[in-house]
Amino acid sequence: MGILDDRFAQLTEHRQQHSIRVAAVMEELAEIHHLPQKEARLAAMGHDLAREMSRDALKQEAIRLGLDLLPIELAEPLLLHGPVAAMWLKQANMGSEPVWEAIYYHTTAGPNLSPLAKALFIADGIEPGRTFELRARLEKIAKEQSLDDAYVQLLKETIRYLESRGLKPHPLMIQAVTSYGKRG
Ligand SMILES: [Fe+2]
Ligand SMILES: [Fe+2]
């Protein structure tokens with residue numbers, strides 16, 4: 001068993017099922033948008049491997065892995081679960097740069113991400129277990145229009161949601177949406 005299987009087996013059933021649904025969406029998006037199936041699946045199955053660690057453990061692990069922590073990540077270490085999981089796979093030499101990038105940025109998004117990384121951000125947000133109002137609409141956009149259209153709309157929706165709860169979006173998320181200028 002590699003790190004993916006080991007860590008996956010330790011996740012709760014709830015989280016495993018979420019990851020499996022994200023993988024199913026990723027496979028569909030990969031088919032439609034001509035992304036590599038194997039990488040799409042690996043990114044999905046690996047994206048939340050560190051999601052159930054405690055905040056303290058995540059912070060310690062991120063420091064051990066040599067990640068630079070921003071103030072917002074020190075204040076909310078759960079933001080580190082993508083970077084930590086990405087580093088685990090990278091250090092185990094599982095997957096490839098686009099897979100690690102996708103996992104790294106799946107919570108915050110970011111400017112100039114690869115199509116695979118945009119697809120993972122979208123798949124994580126629109127998998128059928130999610131219940132927010134725009135979910136079905138965003139799914140349709142992702143499947144029938146473009147990854148970019150779905151990505152920018154999901155970014156805006158996520159920022160709107162965070163702000164409605166008095167939370168600050170990660171600077172990378174602001175940069176991601178700003179990078180689309182007036183197009184979105
Ligand atoms: Fe996540
Ligand atoms: Fe997730």
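Trainee: What share of the 184 residues in the chain is buried?

Mentor: In this predicted model, buried residues account for 43% of the 184.

Trainee: What makes Ala-109 buried or exposed?

Mentor: Count the neighbours. Ala-109 has 28 other C-beta atoms within 10 Å, and the cut-off for buried is 20 or more, so Ala-109 is buried. You'll find Ala-109 in the loop between H7 and helix H8 (115-126).

Trainee: And why is Asn-93 called exposed?

Mentor: Asn-93 has 8 C-beta neighbours inside 10 Å. Exposed means 12 or fewer, so Asn-93 counts as exposed. Asn-93 sits in the loop between helix H6 (81-91) and helix H7 (97-104).

Trainee: What makes the phi of these two worth a look?

Mentor: Most residues other than glycine have a negative phi. Asn-93 isn't a glycine, yet its phi is positive, about 55°. Ala-109 isn't a glycine either, and its phi is positive at about 60°.

Trainee: Why is Pro-36 called partly exposed?

Mentor: Pro-36 has 14 other C-beta atoms within 10 Å. Buried needs 20 or more and exposed needs 12 or fewer, so Pro-36 is partly exposed. Pro-36 lies in the loop between helix H2 (13-33) and helix H3 (37-46). Pro-36 and Leu-116 are 80 residues apart in sequence, but their C-alpha atoms are 8.4 Å apart in space.

Trainee: How do you know whether the radius of gyration agrees with a compact globule?

Mentor: For 184 residues, a compact globule would come out near 16 Å; the chain has 15 Å, so the two agree. The C-alpha atoms fill a box of roughly 40 × 35 × 30 Å along the principal axes, and the chain has 11 helices and zero strands.

Notes:
Residues are numbered from 1 along each chain as its sequence is written. Chains are lettered from A and ligands numbered from 1 in the order in which they are written. This is a predicted model: local features need pLDDT of at least 70, side-chain atom pairs count only at pLDDT 80 or more; totals for chains, interfaces and linings use all residues. Helices (H or I, at least four residues) and strands (E, at least two) are DSSP runs, numbered from the N terminus. The radius of gyration is taken over C-alpha atoms; the globule rule is 2.2 Å times the number of residues to the power 0.38.
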